[in-house]
Amino acid sequence: MEAELGRVRPRRRDASIDDVARHAGVSGQTVSRVANGRSNVGAATRERVLAAMRELGYRPNSAARALRSGQFRSIGVIVFTLTSYGNLRTLEAVAAAATEQRYTITLMPLERPTHADVDVALDRLGEQAVDGVIVLIESHLIGAAEAQLRRGIPVVTVDARVAGHSPVVDTGQVAGARLATEHLLGLGHETVWHVAGPRDSDPAGLRLRGWRETLRAHGRPVPRPLHGDWYSDSGYAAGRRLAAEPGVTAVFAANDQMALGVLRALTEARLRIPEDVSVAGFDDMPEAGNFIPPLTTVHQDFAAIGRTAVHALVQEIEGGPYAEYRGISPRLTVRSSTTGPAAHRIAGGPVPL
């Protein structure tokens, strides 16, 4: 019994191309063509080869294929935080688009969004044999890493202004902020207050710019923005300050999570939304339609963002032409959190910059 328990079973040998070829009655070259997705194989033959692969448990040797083709069919993704709704949805979209293109994803999260950390991440991704890199870091700080981003690895950045020749996919931050601000002005509000994102965030800075430029273009007062950290607690803190400010009738929050905090703070201050204060957000997260009241917000097409970023990177990997800038147009989703201003709230005025 002890000898039986101690017996080591020999490891089963993996099926080879030759095994599949014999089983399907074709040449090894035909099996190779099917494994590599080539089109010059008849449908009936292809199905016979695929059936043999399934029966034998054949797995193509991706390392050998990479040596022959010079491509690993792998994309590295550098991301600072996965707790941000925008980053998480963009990463999901990138992964789905990469799968459609028959690429795998290697994720490289960063502890800090600095150029030194980006540099280290690129080195590590280079060691893991990726064909290209998508950068999902919203910080201004990666601008200092522009020299490191061109070390022979194709790079695409999303919503980050990295100088140089890397393609940039922009999700219409300025245009989206303009849509929300013009919507509120169009309802009759004298001006729009803004709960901005972090000061070191590129998307936050672009949304703030779109809000400010729109107010100035219409000749309206520009209130001092209140900065949050993308999360609802910071929106709540900003909302408490806005509730105590005379003359506030419209608020544009830089994302839906902070807008949620604003809604709670204003409601606790016994202000009606939208009758006393209109509130708009940015992102159009799935829960936005279930806020109380349902939130007017700027919709971002994260599926289009992922497809565009992956498509731009694959074009560069494969040596094809690519555009250095690709914009994804946002749209405004109007719900019941915005309406015209109530007369009794229009008193006093914003503090100009």
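Reader: What span does helix H6 reach, and what span is expected?

Author: Helix H6, residues 85-100, reaches 23 Å from its first C-alpha to its last, close to the 22 Å expected at 1.5 Å a residue for its 16 residues. The expected span is 1.5 Å times one less than the number of residues, and a helix is a DSSP run of H or I with at least four residues, a strand a run of E with at least two, numbered from the N terminus. The model is predicted: local features need pLDDT of at least 70, side-chain atom pairs count only at pLDDT 80 or more, and totals for chains, interfaces and linings use all residues. Residues are numbered from 1 along each chain as its sequence is written, and side-chain values use heavy atoms, without hydrogens and water.

Reader: Why is the pair of Tyr 85 and Phe 302 called edge-to-face?

Author: The ring centres are 5.8 Å apart and the planes stand at 90°, so the pair is edge-to-face. Rings of Phe, Tyr and Trp (its six-membered ring) pair if their centres lie within 6.5 Å; planes under 30 degrees apart are stacked, over 60 edge-to-face and the rest tilted. Tyr 85 belongs to helix H6 and Phe 302 to helix H12, 217 residues apart.

Reader: What makes the pair of Phe 252 and Phe 282 tilted?

Author: Its planes are 40° apart, with 6.4 Å from centre to centre.

Reader: Why does Phe 252 count as buried?

Author: Phe 252 has 0% relative accessibility and therefore counts as buried; buried means under 20% relative accessible area, exposed over 50%, partly exposed in between (1.4 Å probe, protein chains only).
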